[in-house]
Amino acid sequence: MNFPFRKIDGVVDYVQHDGVARGREWFSMHRYAGGRVFRACCQMNQEALIRDATWTMDDAWRPLDGHVRVILDSKIIGSTWYAFDGNSVRCEARTSAHGHVSQTQISDRPYEFLGLHPLLADGLLGAARGRTDPGRERFIRSITCSYSQNGETELLALPIDIGVAYLGDEQLSVPAGTFMASRYAVRWRPEWAPADYWVFGDDYVFLKSDWAVSSLTCELVSLVSSDEG
């Protein structure tokens, strides 16, 4: 008997607002009866950064576990693992800045999101927020590996509440095709302007982002999906 699942593969281009190519992200998602498995490899050219991230979520879009590895200037600067249990998260990290670190973070409510900095992951904030009550910003209880824009510092378990507002659905064309997209405004920090994100369908697949703070517009350039089992 075959095991039923859906697989989605995609490629995202990172482009500066002046049109200069900045990097690329390759991602995959496997959806099965009990949840989802994600993988993303990100390359940022000017920063000489490679990020390899993988994580799982249950069927209610709650984070279960994850791992991120960051290479900067051809050196591994961190490799960090996370495990969630409702209101708590354990972290084991080996970083060039901090050495071996073991952490436990406890929240007064369940964690809803693990931010490891791939755009695939950022788009999943839409799943945490949902599509009800358009225009209202809701704060998503989260853990991130880094507070920096490019996700290359700390690489620990850092608490963050991310403001996310659903702005409605609209038709959007990107190099991968034309989609009926859900649009969200994502505020990472109070002092930063929100970023605009567009995602597609019940899997909240990343389509596009535009953020004045980073001067980047990122778009999906390839998408392949298949159902097996």
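## A loop residue, the core and the aromatic pairs

Ala 48 is found in the loop between β3 (35-44) and β4 (49-58); strands are DSSP runs of E with at least two residues, helices are runs of H or I with at least four residues, and both are numbered from the N terminus. This is a predicted model, in which local features need pLDDT of at least 70 and side-chain atom pairs count only at pLDDT 80 or more, while totals for chains, interfaces and linings use all residues. Residues are numbered from 1 along each chain as its sequence is written, and side-chain values use heavy atoms, with hydrogens and water left out.

The phi of Ala 48 is near 50°, a positive value in a residue other than glycine. Most residues other than glycine have a negative phi. Ala 48 counts as partly exposed because its relative accessibility is 34%; buried means under 20% relative accessible area, exposed over 50%, and partly exposed in between, with a 1.4 Å probe and protein chains only. Trp 61 also has a positive phi, near 70°. Trp 61 is placed in the loop between β4 and β5 (63-72) and, at 13% relative accessibility, counts as buried.

The protein chain holds two helices and 15 strands. Its radius of gyration is 17 Å, which agrees with the value near 17 Å that a compact globule of 229 residues would have; the radius is taken over C-alpha atoms, and the globule rule is 2.2 Å times the number of residues to the power 0.38. The C-alpha trace spans about 45 × 45 × 40 Å along its principal axes. Buried residues make up 50% of the 229 residues.

The largest nonpolar core has 65 residues, of which Trp 55, Tyr 82 and Trp 188 touch the most other members. Such a core is a set of buried Ala, Val, Leu, Ile, Met, Phe, Trp, Tyr and Cys residues joined through side-chain atoms within 4.5 Å. Strand β11 (residues 158-174) gives the largest share of this core, seven residues. Leaving aside residues up to four places away in sequence, Trp 188 touches residues including Ile 160, Ile 162 and Trp 211, where contact means heavy atoms within 4.5 Å.

The structure holds seven aromatic pairs. Rings of Phe, Tyr and Trp (its six-membered ring) pair if their centres lie within 6.5 Å; planes under 30 degrees apart count as stacked, over 60 as edge-to-face and the rest as tilted. Two of the pairs are set out here.

| Pair | Centres apart | Angle of planes | Class |
|---|---|---|---|
| Tyr 166 and Tyr 184 | 5.4 Å | 45° | tilted |
| Trp 192 and Trp 211 | 5.4 Å | 65° | edge-to-face |

Tyr 166 in strand β11 and Tyr 184 in strand β12 (residues 177-187) are 18 residues apart, and their pair links distant parts of the chain. Tyr 166 is buried, with a relative accessible area of 7%, and Tyr 184 is buried at 2%. Trp 192 lies in the loop between β12 and β13 (195-200) and Trp 211 in strand β14 (residues 205-211), so this pair ties together parts 19 residues apart in sequence. Both Trp 192 and Trp 211 are buried.

The charged end of Arg 189 sits over the ring of Trp 192, 4.8 Å from its centre. The charged end of Arg 36 sits over the ring of Trp 61, 3.8 Å from its centre. A charge sits over a ring if NZ of Lys or CZ of Arg is within 6 Å of the ring centre and within 35 degrees of the ring normal.
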